[in-house]
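This briefing covers selected helices and side-chain contacts. Please keep the structure open while reading.

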Amino acid sequence: MKRVVNFEENEDAGGIGWEFNNEHTIKHEVKKQKKNHEGKLNAKSNRLDKQDFTKKKKEMLAFRKQLPIYSGRDAIINSLKENDTIIVMGETGSGKTTQIPQFVVEAGLASKELGAVAITQPRRVAAVNLAKRVAEETMCRLGSKVGYTVRFDDTSSPQTIIKYLTDGMLLREILSDELLLRYKVVVLDEAHERTLRTDMLFGMIKKIQKIRQEKYNAGETDVQPLKIIIMSATLDAEKFSEFFNNAKILYVSGRLYPVDTMFTTEPQSDYLDASLVSIFQIHMNNPKGDILVFLPGQEAIESLAALVNEYASQLRPHQQALMACPLFAALPPSQQQKVFDPAPENTRKVILSTNIAETSITIPGIRYVIDCGLAKLRGFNPKIGVESLLLHPISKSSAWQRTGRAGREAAGVCYRLYTENTFRELEDDTVPEIRRCNLASAVLALKASGISNVLEFDYMDRPSRSSLIRALEELYALNAIDDTGELSDLGKKMAEFPLDPSFSKVLIQSKEYGCTLEVVAIISLLSVDTIFFTPSDKREQAAEARKKFLHPDGDHLTLLNVLKSYWEVKGDVEWCKENFINSRNMRIAMEVRNQLIRFCERIDMDTNASCGAETDQILKCFLTGFFQNTALLQPDGSYKSVTGGQLVKIHPASAMFGKRVEGLMYNELVFTTKHYVRGVSAIQSSWLPLAAPKYFNNVRKNEP
Ligand code: CDP
Ligand code: MG
C-alpha cells in the first residue's frame, strides 16, 4: 500500500523518521567566494552582437577565474611541461574537466601543429554536455575548435583541438590511428569510475606513450611525445600514480560547504515510495534549494517523475511549485538542458538522476540530496555466460560523492534512504567493471589494436583468467579469431563497428544473407531501451495496440513491422501516440540507423539489399551472431539453453511470451529474478549447424 503524501507543513504520520549523526557530517573549510554566475551563464546563447560578445566574454572569464582550479593553473601547466604524465585529483565541480584542456591549449602545450587534446568520458551525455559548455566558454561554434565524438554522433572537425569523447570512441580511434598521433595530450577523466573501457585505455595509452617516446628519441620527427593526464574525483591517486610509473599527483583544493547527513531510522523496503515521501517532506519543511535524487535507472526515474508531477499538481496555489527533471544517459539533449536551466519563478526543481550526476555532471542550485543507496550494476558470470543487471548497494565512496553534491554552493543536507548500520556495511569502493563483465568486445578491441596476448596485457586490475578465456572462446566461435589466436579478416571488420561482437558479425553476414536493409533496421531498433510505450495506467490498451504489429516468429520481425508502419506514416508523432510507440526512442533509433548505414557503406555493403518476404533469411542471419544464445523446447514445455543447459524463461514483454516453438534465439539472457531471455525469435534447430558449422561440429565431437 502506498503511503499518503501529506502536504501540511509539518512532519506527519506518513513521513519517514530521520536521525542525524554528527560523525557523518562533511565538514570542510569554506572559502569565501564571489557570487556564482552559473545560472546566468547556463542560459542558452542566442546570436550576439559585438557589444554583447565582449560582455559575455568578460563574464565567462570572470566565471572561469572563480573556479577552485584556476589558482592551480600555473602549477598544473608547469607540472605538465616537466612530466609526461600527471594525476589530478579534485572535488567534483572544481573545474577539472572544463578548464584543464583550456589551460593546456592556452599554454601552447597542444595546438593544430603539435596535436589536439582528447578528453575521455565514460558517458556520452557528459561528453556532449561538456563540449557544449567549453565551446560556450571559449566563444566558438561547437564542432570547430571545441567538439565531441560519441557513438553515432561526431561533432568534431579537423579544426578541433579540444575534443571530448567517450572512452569507447578513443579505443575505436586507436584502430585507425595506432599511436593516436592526432593528439598531443590525452586526458583520461573520471578515472575513479573504473569503467571497462577506461581500464583498457590505461594500459593502451601507457604503451602508446612509451612507443612514441622511443620513436621521438630515435629522431622520428613526425612523432611527438604524448602527455597523459589522469583525472579523478576520489582519493585513490596513489594507485593511478603507481600504475603510471609513479606519476606526479596534484591535488586541487576543493570547495565544499558542510553537508549534514541524515539516515532513516528504519530500513525502507520501497525506495521509490521512500524517495517520493522524502521529496515532499523536504519541499514542505525546508527552505529554498533544488533537490537531487539518486536512483538506479531510467525506469525508476520515469515512474518517480510521473508521481512527483502528479502530486505536485495538487499543491495549493500559495505553496511553492515543484517540478521533476529526469536525467539519465539516454535522455535527448533538449530535455537534458532542463536540468541545467534555472527553475521558473517560485518553483523548486527535483532532479531525478542515475549516478551520472555523481561526478561527471555538475548541476547548479542543489541543496538537498536524496540517496536511495542503490545502483544498477552490470555483472557477468563467466561460467554460464549470463550477464546480469542487478540492483546493488552502492559503495561508501559513491555514497560520499552523492552526499557532496548537496554542498557545492552552500551548506546542504543529504538524506540517505537507509540506516546508519546499512551504511557501515557497504563496501569501501565499487569493484572495477573489468572484474565483473563480459570481456568479448574488450578482447576484440585489444586484439584489433595490436595487443595479441591479452592474458599478459598490462591491466591495472587484472580480470580473472577464466573470464578472459571465455571471451577468447566466444570470439573463436564467432570466427573473429582463428586457430592461432590471431584476429581473422572477419574479426578485423567486426572491430570497426561500434557494436557488440555478435551484432557486428550479424551485420557483416547480412551481405551473404541478402538482408542488410532489414538487419540494419532491427539492430537500430534494438539499440534503444524499447520502442514501445507502456504507461502504467494504460497497460491493457498498450498491449492491445501492440497486437497489430506482432509477428508470429517473434521480436525481431515484430520490430520490423513497427518500423514499416512508422515509415508509412513518415514518423508521425500522433500516430506513435495512438499506437503506444515511443516516438522519442524511434527517433533515436533512426539516428543510429543512419550511422550504421554510413559504417556499412565504408566497407562497401549495399544497405538497400532486402530479402523481401523471405524473412527466414533475417533470422538465419541473426543466428550467425547469436547461435550461442539459443534454447530448445523440452518435452515438459520448458526451454533449455543449447550451451550450458540453463532453464530459461521468455520475458513477458516479448512477442514470443507463452509460445511453444521448436527453438528460440535471443539477444540477451538476463538474470533479474529468473533467467529471462529478451529479444526472442523462433528458429528451427536444423538452422544451427549452418549458422556456425565450426562451433556445432565441435560441440557434437565433445558429446559422449
Ligand atoms: O570536472 P569537475 O567536476 O572538476 O568540474 P567541471 O565539470 O569542469 O565544472 C566546473 C564548473 O563549470 C561547474 O562547477 C559548473 O559550475 C560549471 N559548468 C556549467 O555551468 N555547465 C556545464 N555544462 C559544465 C560545467
Ligand atoms: Mg569532471
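Helix α22 is followed by Asp-604, which has a positive phi, near 60°. The model is a predicted one.

**Helix α22**
- Helix α22 covers residues 583-602, and because 20 residues at 1.5 Å a residue should span 28 Å, the 29 Å between its end C-alpha atoms agrees with expectation.
- At the start of α22, Asn-582 places a side-chain oxygen within 3.2 Å of the backbone nitrogen of Arg-584.

**Helix α7**
- The 22 residues of α7 should span 32 Å at 1.5 Å a residue, and the end C-alpha atoms are 32 Å apart, so the two values agree.
- After α7 comes Gly-219, with a positive phi near 90°.

**Packing of α6 against α7**
- Helix α6 (residues 167-176) and helix α7 (residues 196-217) have axes that come within 9 Å and cross at roughly 40°.
- The crossing of α6 past α7 is left-handed.
- On the α6 side, the contact is made by Asp-167, Gly-168, Leu-170, Leu-171 and Ile-174.
- On the α7 side, Arg-197, Thr-198, Met-200, Leu-201, Met-204, Ile-205 and Ile-208 take part.
- By type, the residues of this contact are 8 nonpolar, 2 polar and 2 charged.

**Salt bridges**
- The model has a count of 27 salt bridges.
- One salt bridge joins the side chains of Lys-56 and Glu-136, with an N to O distance of 3.8 Å.
- This pair links distant parts of the chain, 80 residues apart: Lys-56 lies in helix α2 (residues 50-65) and Glu-136 in helix α5 (residues 124-137).

Terms used. Residues are numbered from 1 along each chain as its sequence is written. Chains are lettered from A and ligands numbered from 1 in the order in which they are written. This is a predicted model: local features need pLDDT of at least 70, side-chain atom pairs count only at pLDDT 80 or more; totals for chains, interfaces and linings use all residues. Side-chain values use heavy atoms; hydrogens and water are left out. Helices (H or I, at least four residues) and strands (E, at least two) are DSSP runs, numbered from the N terminus. The expected span of a helix is 1.5 Å times one less than its number of residues. A polar contact is a pair of N or O atoms within 3.5 Å; within protein, one must be able to donate a hydrogen and the other to accept it, and residues adjacent in sequence count only if both atoms are side-chain atoms. Axes are lines fitted to C-alpha atoms, for helices over the stretch in contact, and angles run from 0 to 180 degrees between N-to-C directions. A crossing is left-handed if the near helix is turned anticlockwise from the far one by less than a right angle, and right-handed if clockwise. Contact means heavy atoms within 4.5 Å. Ala, Val, Leu, Ile, Met, Phe, Trp, Tyr, Cys and Pro count as nonpolar, Asp, Glu, Lys and Arg as charged, and the others, Gly among them, as polar. A salt bridge is a side-chain nitrogen of Lys or Arg within 4 Å of a carboxyl oxygen of Asp or Glu.
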